[in-house]
Amino acid sequence: MKVNLEEEKYEFIKFNSEDALRLGKYSIEYAKKNHLEICIDIYAYSKQLFHYCSDGCTLNNEQFLVKKRNSVLFFGHSTKFLYCKNNGNQEVLSQKYGLNTTNYTFTPGGFPIKIRDSGIVGAICVSGLEPEKDHNFVLMLMEWYKNNLE
């Protein structure tokens with residue numbers, strides 16, 4: 001699936017703190033069942049609604065969650081979309097947009113929470129796996145949400 005179509009597919013009718021909690025709990029269950037060391041952050045409506053780091057995660061993983069969230073909220077697209085659009089060139093952040101790579105990244109694993117007729121209200125970010133796998137983990141969560149909570 002093309003990256004821009006992923007964002008269109010996962011546009012929701014609603015998203016609230018209870019949804020974030022259920023989605024977060026599911027992410028932990030899935031990660032533990034599959035022996036995945038991940039950090040996950042669910043942020044919406046200017047609040048961190050859910051946050052979890054497995055024992056194998058590092059401070060670097062935590063920092064990437066924030067960078068991915070900042071990028072999704074600033075650009076309004078998934079970090080995978082941004083990565084593809086900019087051919088993985090992180091220098092574009094500072095050269096074109098005047099943003100610091102300390103606070104922003106194009107590394108896949110951040111995805112917008114978009115509400116139909118309202119726009120982007122937050123981001124779901126994963127770190128701890130390879131970037132492409134971080135992105136795929138988020139897509140799996142978005143599909144689970146669409147099938148089970150919406």
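**Close-up 1. Buried residues of helix H2 in a predicted model.** In H2, a helix of residues 17-33, the buried residues (under 20% relative accessible area, with a 1.4 Å probe and protein chains only) are Asp19, Ala20, Leu23, Gly24, Tyr26, Ser27, Ile28 and Ala31. These residues pack against strands E2 (39-44), E3 (47-53) and E5 (119-127), and against H6. Helices (H or I, at least four residues) and strands (E, at least two) are DSSP runs, numbered from the N terminus. H2 has 17 residues and spans 24 Å from its first C-alpha to its last, close to the expected 24 Å; the expected span is 1.5 Å times one less than the number of residues.

The model is predicted, with local features needing pLDDT of at least 70, side-chain atom pairs counting only at pLDDT 80 or more, and totals for chains, interfaces and linings using all residues. Residues are numbered from 1 along each chain as its sequence is written, and side-chain values use heavy atoms, with hydrogens and water left out.

**Close-up 2. The packing of H2 and H6.** The two helices pack at an angle of about 125°, with their axes 10 Å apart. On the H2 side, the contact (heavy atoms within 4.5 Å) is made by Asp19, Arg22, Leu23, Tyr26, Ser27, Tyr30 and Ala31, and on the H6 side by Phe137, Met140, Leu141, Trp144 and Tyr145.

**Close-up 3. Lys68 in helix H3.** Lys68 belongs to H3, residues 59-75. Lys68 is buried, because its relative accessible area is 1%. Beyond its neighbours within four places in sequence, Lys68 is in contact with Thr79, Thr105, Thr107, Pro108, Gly109, Gly110, Cys125, Val126, Ser127 and Asp134. Thr58 is 10 residues from Lys68 along the chain, and their C-alpha atoms are separated by 16 Å.

How values were computed. Axes are lines fitted to C-alpha atoms, for helices over the stretch in contact, and angles run from 0 to 180 degrees between N-to-C directions. Buried means under 20% relative accessible area, exposed over 50%, partly exposed in between (1.4 Å probe, protein chains only).
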